[in-house]
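The following account leads the reader through a structure with two chains in contact. Please keep the sequence and the model in view while reading.

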There are 2 protein chains.
Amino acid sequence: MRGAVLYAPRDVRFEERDVPTIIKSTDAIIRISATCVCGSDLWPYRGANPVTEPTPMGHEYCGTVEEVGSEVVSIQPGQFVIGSFFASDNTCPNCRVGYQTSCQHSEFVGGAQASLLRVPLADGTLVPTPGVPPEDLIPSLLSLSDVMGTGWFAANAANVQPGSTVAVVGDGAVGLLGVLSAKQMGAERIIAMSRHQSRQRLACEFGATDIVTERGDDGVVRIKELTNGVGADAVLECVGTQQSMMQAIRSTRPGGSVGYVGVPHGVELDGEQLFYSHIHLHGGPAPVRRFLPELIDLVWKGKINPGKVFDLTLPLDQVGEAYRAMDERRAIKVLLRP
Amino acid sequence: MRGAVLYAPRDVRFEERDVPTIIKSTDAIIRISATCVCGSDLWPYRGANPVTEPTPMGHEYCGTVEEVGSEVVSIQPGQFVIGSFFASDNTCPNCRVGYQTSCQHSEFVGGAQASLLRVPLADGTLVPTPGVPPEDLIPSLLSLSDVMGTGWFAANAANVQPGSTVAVVGDGAVGLLGVLSAKQMGAERIIAMSRHQSRQRLACEFGATDIVTERGDDGVVRIKELTNGVGADAVLECVGTQQSMMQAIRSTRPGGSVGYVGVPHGVELDGEQLFYSHIHLHGGPAPVRRFLPELIDLVWKGKINPGKVFDLTLPLDQVGEAYRAMDERRAIKVLLRP
């Protein structure tokens, strides 16, 4: 079996890997229908996270169950399934309150940029679709594995309500799907912060009502201008840098909420500034598993089409080009077919 | 008129001050029935905040309206009133959503440790009691001006619900009233973190079900032990130091909430640690005005008795001793009568 392995910054190779097998009786093996490159894959690709050893890449997946371990009861071979990038038992106290990415037995699912994948804790992690999906739903279903679930969590964590005024910091795939999520949750006004035309266009298609091209202090000033000097009710932080985090916090009205899902890199928050901002802050690794049944239903019924964030599709053996296209921002998000 | 003025760390003087007068047509003048020393008064008293000029002290008050400006319509001379330490118009967008301490026209109310006080924005700031209160309700009504409203906001910001497991970091008057607030909101289990017997006793009287004497890492371990390894649903942070804030965050279960009301001094939060904690964080200067009608009602009907936090009452001219008693932790909170 061949799959993507990162050896060093900008050195991703498509090479022979061991075929995954059932290791624990709670595992499942999935034949990947589609996978993709995540914004978070770019951190080690760019050298922002260290690469200490050759690392099989990819954690977004959907596909058909090939085999299950002896203890798996709710998933059968032949089913089409989607799972989160974190495996979870879905029964521990943290799972039961909807924080499956803090599962007491969570395991990161890595190596999905390949033709086969081992998924631990299959009963808790995988959710089957109502049937074998038509080809045109595959991109949207794939997106639920991480990027759409993460945009949805950003909007959920920012407490987007019908009628809310929302601002979205970050025009990557997560930010764009944050726009779609806010729209779906009934936001009245959605301000997308973006300076790239193709991304602005998709943001508008997903429901953005305003575009702000300014960043940092200037971006905050523009958000305040657009909200009678008060700030947005809900701000989705979808980047993870000090600048984007402060832009989000300062764009939020007192009593409003920041939902942050960009993995923080070097972010330090000043306690006093946060205190006087009067905002609600919530976020973290998106508990995608919580949202999978609802999001599968929305995709299946054609109510949302998050697969539109994939603006480039490549065969899996061109995974190197996929990373380059995203790194150079030539593509928003690249879908890979084994 | 005489009042308390802070000249330098530990140099608080009771001396002649100008009688306050109506300056703006929206002001009121109050004859103080009772005032007190706040935990936050101890920051400059101890030199942790700079004292740049002689500063009239005190911001907690209740009393009888003496005079109102020409534009004041809802408050009349002779009424007994309580107000927040921040004056607010109660009509701006931030006030309308319940964040009166972020009022677009807010003004800090200072100099309440005196016999008379000017309160700006009287219509928006002051709430009258149903009638002239009996003497025994004065301590509880005074507490609503800040300390009880702040403890209540901590519990509100930490999303305390019926059946919640709550932990309270800090055994000062705010923390103790956080315990009372959590109890009133229906918490099932309330863990007070305190190593002082008299404060532990009052915490238990207010509704604490468990006492934890350990601090820092050891305190977190104890909270985890008491909550099946998961952490508390809601944690009230009522101190404002780096240690207390981290103790609060780390004692909270994934998906749980920290309500923080201790004014942060030198607090820096690591973004990545916060991200993976999966907690909700909310707090700031308590919007006491939001809660005044409800809390006045609870005190008036005898359902809560927050005035118990005053374990020492002194005549106002002994204000110096009041500061010393609180600084040396001989008293939890000192009530002063002009």
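Helix α5 (residues 147–157) of chain B packs against helix α6 (residues 173–184) of chain B at an angle of about 55°, their axes lying 7 Å apart. Helices here are DSSP runs of H or I with at least four residues, strands are runs of E with at least two, and both are numbered from the N terminus. Axes are lines fitted to C-alpha atoms, for helices over the stretch in contact, and angles run from 0 to 180 degrees between N-to-C directions. The two helices, α5(B) and α6(B), are therefore oblique to each other; angles under 35 degrees count as roughly parallel, over 145 as roughly antiparallel, 65 to 115 as roughly perpendicular, and the rest as oblique. The crossing of α5(B) past α6(B) is right-handed, a term used if the near helix is turned clockwise from the far one by less than a right angle, whereas anticlockwise makes it left-handed.

The model is a predicted one, in which local features need pLDDT of at least 70 and side-chain atom pairs count only at pLDDT 80 or more, while totals for chains, interfaces and linings use all residues. Residues are numbered from 1 along each chain as its sequence is written, and chains are lettered from A and ligands numbered from 1 in the order in which they are written.

Which residues of α5(B) meet α6(B)? From α5(B) come B:Val147, B:Met148, B:Thr150, B:Gly151, B:Trp152, B:Ala154 and B:Ala155, and they meet B:Ala173, B:Val174, B:Leu177, B:Gly178, B:Leu180, B:Ser181 and B:Ala182 of α6(B). Two residues are in contact if their C-beta atoms, placed from the backbone, lie within 7 Å. By class, this contact between α5(B) and α6(B) holds 10 nonpolar, four polar and no charged residues. Ala, Val, Leu, Ile, Met, Phe, Trp, Tyr, Cys and Pro count as nonpolar, Asp, Glu, Lys and Arg as charged, and the others, Gly among them, as polar.

Helix α6 of chain B also contains B:Leu176. This residue, B:Leu176, counts as buried because it has 30 C-beta neighbours inside 10 Å; the term buried requires 20 or more other C-beta atoms within 10 Å of a residue's own, exposed means 12 or fewer, and partly exposed lies in between. Leaving aside residues up to four places away in sequence, B:Leu176 touches B:Asp171, B:Arg199, B:Leu202, B:Ala203, B:Phe206, B:Val309 and B:Ile332.

The next topic is the meeting of the two chains. In chain B, 27 residues are in contact with 28 residues of chain A. On the side of chain B that touches chain A, two or more residues come from each of α2 (93–96), β15 (252–260), β16 (268–270), α10 (271–277) and β17 (280–283) of chain B. The residues of that side divide into 13 nonpolar, 11 polar and three charged.

Strand β17 (residues 280–283) of chain A is joined to β17(B) by three bridges, and the two strands run antiparallel. The bridge partner of A:His282 is B:His280 in β17(B). B:His280 in β17(B) also stands opposite B:Ser257, and four bridges join β15(B) to β17(B), which run parallel. Two strands pair if DSSP finds at least two bridges between them.

An open sheet of mixed pairing is formed by 12 strands in the order β13(A)-β12(A)-β11(A)-β14(A)-β15(A)-β17(A)-β17(B)-β15(B)-β14(B)-β11(B)-β12(B)-β13(B). Its edge strands are β13 (210–212) of chain A and β13 (210–212) of chain B, each pairing on one side only. Neighbouring strands of the sheet are turned by 20° against each other on average, direction ignored. Helix α8 (residues 216–226) of chain B packs on the sheet and touches β11 (165–169), β12 (189–193), β13 and β14 (232–237) of chain B.

Helix α9 (residues 242–250) of chain B is largely enclosed by the rest of the structure, because seven of its nine residues are buried. Its buried residues are covered by elements including α10 (271–277) of chain A together with β11, α8, β14, β15 and α10 of chain B.

Two loop residues complete the account. B:Asn228 lies in the loop between α8 and β14 of chain B, and B:His278 in the loop between α10 and β17 of chain B. Phi is positive in both, near 55° for B:Asn228 and near 60° for B:His278. B:Asn228 is exposed, with 10 other C-beta atoms within 10 Å, whereas B:His278 is buried, with 23 C-beta neighbours inside 10 Å.
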